[in-house]
Amino acid sequence: MKSALILGASSDIANACSELLARQGYHLTLAARREGALRTLKSDLEIRFKVSVSTQVFDALDFDSHRSFYQGLSNSPDVVICAFGILGNQEQAEKDWEQCKEILDANFTGAVSILNIVANDMASKGSGTIIGISSVAGERGRMSNYVYGSAKAGFTTYLSGLRNRLHKKGVNVLTVKPGFVQTKMTENLPLPKPLTAQPEQVAKAILKAAKKGKSEIYILGIWRWIMLIIRNIPEFIFKKLSL
Amino acid sequence: MKIANWSNYPIVDSQISSYTDSGKLPFSEAFITRGNGRCYGDSSLNNQIASMLSYNKALEFDIQNGVFTCQAGMTLDRVLEIIVPNGWFLPVTPGTKFISVGGAVASNVHGKNHHYDGCFNDHVVSLDLLTASGEIVTCSSEENVELFETTSGGMGLTGMILQVTFRLKKIESSFIDQRSIKAKNLDELVDLFRENENATYSVSWIDCLQTGKSKGRGLILLGEHARIDQLNTKQGKNPLKLHQASKVTFPLNAPPNSTNKITVKAFNTAYYGKQLSKEQHSIIHYDPFFYPLDAILKWNRIYGKKGFLQYQFVIPFGQSNEGMQRVLDKIREYGHASPLVVLKLFGKQDDFISFPMEGFTLALDFPIRRGLFEFLDALDKMILDLGGRHYLTKDARMAKETFFKGYPNAEEFVRRIKKYNPNYLFSSLQSERLGLTQKTQE
C-alpha cells in the first residue's frame, strides 16, 4: 500500500487532497499543529472511506523537532504534500519583526527544514513524490503582500532546485501555484468567480499532475497568462502601480 | 460581502467568519449562525454571520446500531454518502439534501414521513451547543432538557449548534417503492391521505389553478423503502446505490414574469396529464423520490433576479376541508403562484416551538412582484383565523403579530431566549423583525 504524508493537513486544500488519496487507497499520515484538529480529520476520513489514518503533531516553526518527527513516522511516505503556510498581515509585518519572521518561517524556512529531511530519505530510496503548495504571489513582489510573496518566491526557487537535484534519483518534485481558492483563508475576500478554484478542483489537478510527473502547475489555466503579464510589466511602470 | 439565502430575498451586506474548531464565539456582538443557506428567507442572515460550512466532519458512526455523530456544518448529501452504503438512511429528510445538520436541528425539519416518524429532532440523541457564556453545553431530552427543547426549532437563538448525534433508519435498499395516485379534487386527495395513513412517506402536488369540482386536484405520492426482492435485475446489482452529483445547473436568472398564469397552467396540465392511469406503481431511487428539485442546481434562478418568497403554513383539520378550499380560492384569485404546490397531512406534534402540528400543510412559491406583500399579509390573517401558523424557515416577511398569534408558546419562547441569550448575541434579521431578539444599541 502506498502512503502519503500531509504536512499542514487542516488546510482546505490539504483536506481535499487527503480525501482523494484516501479514496485511492493510500495510507495517510496527517500532520498539523493542533491535536484536536487532527483527531477530527482522522475520524472523518476513517468513517467516510473506511481506511486507517495516522496522525502526528507537527509544528513547522519548531525546526529542531523535524528530524525526530520524520523518524517517528510508522513508514517512510511515497508522497509528501507540503501544504502549511500562513497569509499573515502585510501591514503588521512591516512594523513588527516577529510577525514578519513568522510569515517567512511558516512559508519558507519551515518548509525547507522538513523537506530537506524528506528529500534525503527519498533520494536514498530512489523514488517518491514531493508536492509543494506555493503561490502565484511569489512571482513578483507587490505592495499588498510582498512578505508572504517573497517567502513563497523562496519556496518556489527551493522546489525548483530540489527538482533539479532529485530528478536523477527518480524523485519528482511538483510546484503548485493555486491562484485564488475558495477557502476559510479567503472567506471575506470578494474573489472574482472565473479566477477562483474550489479546493476539490485544486486537489484533483494536483494529484493528476503528480501522476503525470509534471514539474509546475497553475490550477486554472488563465493564471498562467495573468502571471505572464504581471511578470513582464517593466519595473519603471510596475513600481507606480498599486497592486 | 453581499449574501442572501435560497429565495434571494433579502440581500444583506455581511461580515462572515468561518467557525473552525476553536470552541470560541466568533463575534462579541450580535451575529447568527448559518449553514448552507437553504432556508428561504432571513432566518440565518444578519450583518455578522458565523458560517458552519467548514465545520463539517464526521465524528462517529456506529454501523451496528445506526447512530451517527457529525459536526453541524455537514450537509445531508454528505451524510447520505456515508450512511447509505452501510444500509442506513436519514430518519427524516426535507425536500433538499443540501441543508446542514445544524440547520435541520435549528429548523426541526420535517419530511414526507412526518405523520409516521415526526420531526428530525425526534431522532436526535444529543447535541453540543456553544452558548452565550462561551461554554459548550451538551443537551438532550434527558440532559439540560429545557435548553434542548428551546434549541429544537429555535432558529439558532439559543446558541451555536456545534455537533449532533442522531439515530438512523435501517434500509435494505436505497430504492423506494412508490405509488402515485391521481385525485380529482381536494376532498378525494384528503381521503387518499387518510386511507394511506400507514404509508411511511406521503406527499401530494396540487394544481391550485383549478376551480369548481376540480378544485385541488392533484397527485398523491406514497412511498416505502423497497425490499431487496422488489428490485429489478439492474437495481439489484447495486441495491444501496448512492445519489449522483447533479450535473444540470439552471444557467441564469430567468427574465421577470417567467412564471405566470399561462406557464403555470401549461405546467400543471402537463404534470397532471402525464400520468394516464389512476394509479401508477414503480420502484425508483431515493434521489428523485425525496429530492426531485436537487437535480437542477440553482433552480431558484427560475424566479429571476428579484427572487421569490416561499410560503408554508399549517392549518388544523376542521369539520370539513372548507377552510383549505377558501385558502386555495384566495391563492387562485391572486393567480401568481408557483407550479409546484405541495400539500401534506401532518401527524400529531407537540413540541415547544416547532412548526408542525396535526393538520394540512401547504407550501408554494410566489415570485416577488408588486402587491405580493400585501396579498400575503391578507393570507396570513386567513390562516390565523383558521387556527394555523407559518414556517419560520421559509419566512422573510411575516409580521410580529402573525408569529405571536400562530405559536402558542411564543411568549415563553421570548422569555427563554432572554434567559439563554441575555444580550441577544445570537440574533438574525428574522428574530429582530419578529421581536424575539432586539437590535443592541451601540
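Helices α5(A) and α6(A) run roughly parallel to each other, since their axes cross at roughly 10°, and an angle under 35 degrees counts as roughly parallel. This is a predicted model, and in it the axes of α5 (residues 97-125) and α6 (residues 146-167) of chain A come within 8 Å. On the α5(A) side, the contact is built from A:C100, A:I103, A:L104, A:N107, A:F108, A:A111, A:V112, A:L115, A:A119, A:M122 and A:A123. Helix α6(A) answers with A:V147, A:Y148, A:A151, A:K152, A:G154, A:F155, A:Y158, A:L162 and A:L166. Sorted by class, the contact of α5(A) with α6(A) has 17 nonpolar residues, plus two polar and one charged.

Zooming out, chain A carries nine helices and nine strands. Its radius of gyration is 18 Å, close to the 18 Å that the globule rule gives for 243 residues, so chain A is as compact as a globular protein of that length. Laid along its principal axes, the C-alpha trace of chain A spans about 55 × 40 × 35 Å. Of the 243 residues in chain A, 40% are buried. As for how the chain folds back on itself, take the contacts in chain A with a separation of 6 or more: residues 24 or more positions apart account for 65% of them.

Now for the partner. The predictor gives the complex an ipTM of 0.82 and a pTM of 0.90. For chain B, the mean pLDDT is 92, with 99% of its residues at 70 or more. The contact between the chains draws 12 residues from chain A and 14 residues from chain B. The chain A side of this contact splits by class into four nonpolar, four polar and four charged residues.

Helix α1 of chain B, covering residues 76-83, is mostly covered, with six of its eight residues buried. The buried residues of α1(B) are B:L76, B:R78, B:V79, B:L80, B:I82 and B:I83. What do these buried residues pack against? Within chain B, their partners are the strands β6 (58-62), β7 (67-71) and β8 (88-89), along with helix α2 (101-107). From the other chain comes α2 (35-49) of chain A.

Key. Residues are numbered from 1 along each chain as its sequence is written. Chains are lettered from A and ligands numbered from 1 in the order in which they are written. This is a predicted model: local features need pLDDT of at least 70, side-chain atom pairs count only at pLDDT 80 or more; totals for chains, interfaces and linings use all residues. Two residues are in contact if their C-beta atoms, placed from the backbone, lie within 7 Å. Ala, Val, Leu, Ile, Met, Phe, Trp, Tyr, Cys and Pro count as nonpolar, Asp, Glu, Lys and Arg as charged, and the others, Gly among them, as polar. A residue is buried if 20 or more other C-beta atoms lie within 10 Å of its own, exposed if 12 or fewer, and partly exposed in between; C-beta atoms are placed from the backbone. Helices (H or I, at least four residues) and strands (E, at least two) are DSSP runs, numbered from the N terminus. pLDDT is the predictor's confidence in each residue, from 0 to 100. Axes are lines fitted to C-alpha atoms, for helices over the stretch in contact, and angles run from 0 to 180 degrees between N-to-C directions. Angles under 35 degrees count as roughly parallel, over 145 as roughly antiparallel, 65 to 115 as roughly perpendicular and the rest as oblique. The radius of gyration is taken over C-alpha atoms; the globule rule is 2.2 Å times the number of residues to the power 0.38.
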